[in-house]
Amino acid sequence: MTAMNSNNSSSSIHRRQKLKKLVVVMGATGSGKSKLSVDLGTRFFPNSEIVNSDKIQVYRGLDIATNKISMHDRKGVPHHFLGEFDPETEFTPSDFRELAPKTIAQITSRRNLPLIVGGSNSFIYSLLAKRFNSETDVFDESSAINSVSSELRYSCCFLWVDVSLPILNEYLDKRVDEMLDSGMYEELEEYFAREGFAESESASRTGLRKAIGVPEFERYFKRVGLGGGADGSEAEKRLSYEEAVKAIKENTCTLAKRQQEKIQRLKDAGWDLQKIDATEAFRAAMGMTSDSGKRASDIWEKMVVEPSAKIVKRFLME
């Protein structure tokens, strides 16, 4: 009986050792996941390839509104599942669970390291959980915590990039303003001129139409017209614009809070998440410290990049 238990134990260990290794960079929207993953991929693990796990960024189009990382900022690190899918067709967690492993297998066949990067925890869970049911929302607070599968399909190193919510909210508000300055308004106007409006406010949205910014500015353009040609005073149009921007900021902050709660639920369920606190780096970057400026990059390096690199190196050596 002892020999049998020993055999079962060694067999179990052998199975665990055969699981493919991958790194998962998770966190709320705007927390610096993409920056960290590129930092890791360019400076510490040059054989890395990134698999996007943001459920909106998988679609083609609206690169500014969906805040896709630019080619310049990718710094040569290969990205997959980024802007690849039909924006009018729903790409589900089940689709991600089916297709992403094929890409991961191709990456590992090249002896490269897969980095799963994105804020959509439903995609991360669907990919990694050994036990997955598309009909069950494991993040629903009414469902039991043991509904979350603790067994995974891969050997994972989880990096949770966390930012204190009040600081993150302030940054997200600023980021929306920067996106608008970068052409988000014009991008959305062109989108609606090409694709048209949804049939009604209550119509269920699919694909890219779910992106924050699309429904808010759709209401705006319906009121003022594409090109601003509808009747109404400039003051009324300005008010409608400000309402749209305010709604985008509020909805983005709500998303960030919900994402943090989902990550905490995975941790509570036993997922081994290594939390990396990026709050001070964000405070410095937004000028909330006495000597910010160049200090922000130093803090990011010391408190985010270096600890993350050490965690991943240790994981890969196990």
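1. Start with K130. K130 pairs with E151 in a salt bridge, and their closest N and O atoms are 3.8 Å apart. Both residues sit in the loop between helix 5 (121-128) and strand 5 (155-162), 21 residues apart, so the pair links distant parts of the chain. K130 is exposed, at 52% relative accessibility. The cut-off for exposed is over 50%. Keep in mind that this is a predicted model.

2. Next, D162 and K275. These two form a salt bridge as well, with 3.8 Å between the closest N and O atoms. D162 belongs to strand 5, while K275 belongs to strand 6 (residues 273-277). The two residues are 113 apart in the chain, and the pair links distant parts of it. D162 is buried, with a relative accessibility of 13%. K275 is partly exposed, at 46%.

3. Then R110 and E49. Their salt bridge brings the closest N and O atoms to 2.9 Å apart. R110 lies in the loop between helix 4 (93-109) and strand 4 (113-117), and E49 lies in strand 2 (residues 48-52), so the pair ties together parts that are 61 residues apart in sequence. R110 is partly exposed, with a relative accessible area of 42%. E49 is buried, at 5%.

4. A word on the whole structure. Side chains of opposite charge can pair when their charged atoms come close.

Terms used
Residues are numbered from 1 along each chain as its sequence is written. This is a predicted model: local features need pLDDT of at least 70, side-chain atom pairs count only at pLDDT 80 or more; totals for chains, interfaces and linings use all residues. Side-chain values use heavy atoms; hydrogens and water are left out. A salt bridge is a side-chain nitrogen of Lys or Arg within 4 Å of a carboxyl oxygen of Asp or Glu. Helices (H or I, at least four residues) and strands (E, at least two) are DSSP runs, numbered from the N terminus. Buried means under 20% relative accessible area, exposed over 50%, partly exposed in between (1.4 Å probe, protein chains only).
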